[in-house]
Amino acid sequence: MCFLFPHTPDKFTSTEKMILEYMSSHRDEFLFMTIGQLSAALNISEATVSRFARHVGCDDFKHLKQIVMEQTVRKGPAQKLTNTLRSGNGELLCHCIDQQRYNLQKTLELLDQKEFDRAVRAMLAARCIFIHAKNASRSLAQLLEFRLRRIGLDVRTIPAGGSEVLEGLVPIQREDLVILFGFSKVSSEGRVILDYGKEIGFTTLLFTGRLYPEKEQQADIHLFVYRGEENEYHSMSAPAVVVDALVIALSAQMGAEAVENLDAVQMLKERYRKQI
């Protein structure tokens, strides 16, 4: 939990965890919200929000916002990196590797195995797989695209931003799968893709760092990955491992077909080794 409240309960309900996650990932927006706006954003009642405030030792919703305001600090990549450097105690390599172990363990604990299995089935069943990612997530998208192509799947990339995103949506059909990366929140382009998916009927798969995404940021399949606390440097290690796990699981399901594609690639490499 990233907030210090007057009272910390022994456990939170799933709805209370959703409120906490929203407060953490939308601090600036939360500070300007009314209780009605927050309840509408989370699709819960105002009474539920009030009970949560009292459960954590606050007098009311106004007091809850005051607590959050007092603990809100400057955020952003520079601040996250600074916080991580401070926690390294001069042994940055060891600290970094230990942190990745922790991130992977948290991912293993919180990623739903049934959702992972659904993701594998959806990728196998898709006529074509489309991938959309922005910023640092594009490295993961490129890794996934490379791995899937090598085992013979039809993979295409949706442009990262601008009107080109809309052009990239035109070829998508109902039988296709669209994979998106949106860890703390889904980009505006990602929300367009999710909305269009509901209209056309293609399946959407979202890599996310949130256990309780908002309604407009929900895909058909969610793969949770833990990348560190809000105020820490966010690593791509855990998402990269999940990407590789998907490809290995796909290869196991495809059997000889995946091996044949890899063999074909190797034969071409040997044939044209001196020319490329």
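Okay, let's start with helix α11: its buried residues, meaning under 20% relative accessible area with a 1.4 Å probe and protein chains only, are Glu189, Gly190, Ile193, Leu194 and Gly197. Those residues cover an arc of only 140° around the axis, so they sit on the same side of α11; the arc is taken from the directions from the helix axis to the C-beta atoms.

Quick word on where this comes from: it's a predicted model, where local features need pLDDT of at least 70 and side-chain atom pairs count only at pLDDT 80 or more, while totals for chains, interfaces and linings use all residues. Residues are numbered from 1 along each chain as its sequence is written, and side-chain values use heavy atoms, with hydrogens and water left out. Helices (H or I, at least four residues) and strands (E, at least two) are DSSP runs, numbered from the N terminus.

Back to α11. Just after α11, Gly201 takes a positive phi of about 105°.

What do the buried residues of α11 pack against? They go against β1 (129-132), α10 (164-169), β3 (177-181) and β4 (203-208), with contact meaning heavy atoms within 4.5 Å. The helix lies across β1, β3 and β4, at about 155° to β3. For angles, axes are lines fitted to C-alpha atoms, for helices over the stretch in contact, and the range is 0 to 180 degrees between N-to-C directions.

Now the sheet. It's open, five strands, parallel pairing, in the order β2-β1-β3-β4-β5. At the edges are β2 (155-157) and β5 (221-224), each pairing on one side only. From one strand to the next, the twist averages 20°. Two strands pair if DSSP finds at least two bridges between them; β1 and β2 have three, in the parallel sense, with Ile129 bridged to Val155 in β2. Five bridges join β3 to β4, also parallel, and there Phe181 has Phe207 as its partner in β4.

In a regular strand, side chains alternate between the two faces of the sheet. β1 is covered on both: Ile129 and Ile131 are buried on one side, Phe130 and His132 on the other.

On to the cores. A nonpolar core is a set of buried Ala, Val, Leu, Ile, Met, Phe, Trp, Tyr and Cys residues joined through side-chain atoms within 4.5 Å. The largest has 34 residues, and Leu148, Ile179, Phe181 and Phe207 touch the most other members. The largest share, seven residues, comes from α12. That helix, residues 237-254, lies across β4 and β5 at about 140° to β4. Leaving aside neighbours within four places in sequence, Phe207 is in contact with residues including Ile179, Phe181, Leu223, Val242 and Leu246.

There's also a second, separate core of 23 residues, including Phe3, Phe5, Met23 and Val56.

Methods
Buried < 20%, exposed > 50% of the residue type's maximum accessible area, 1.4 Å probe, protein only.
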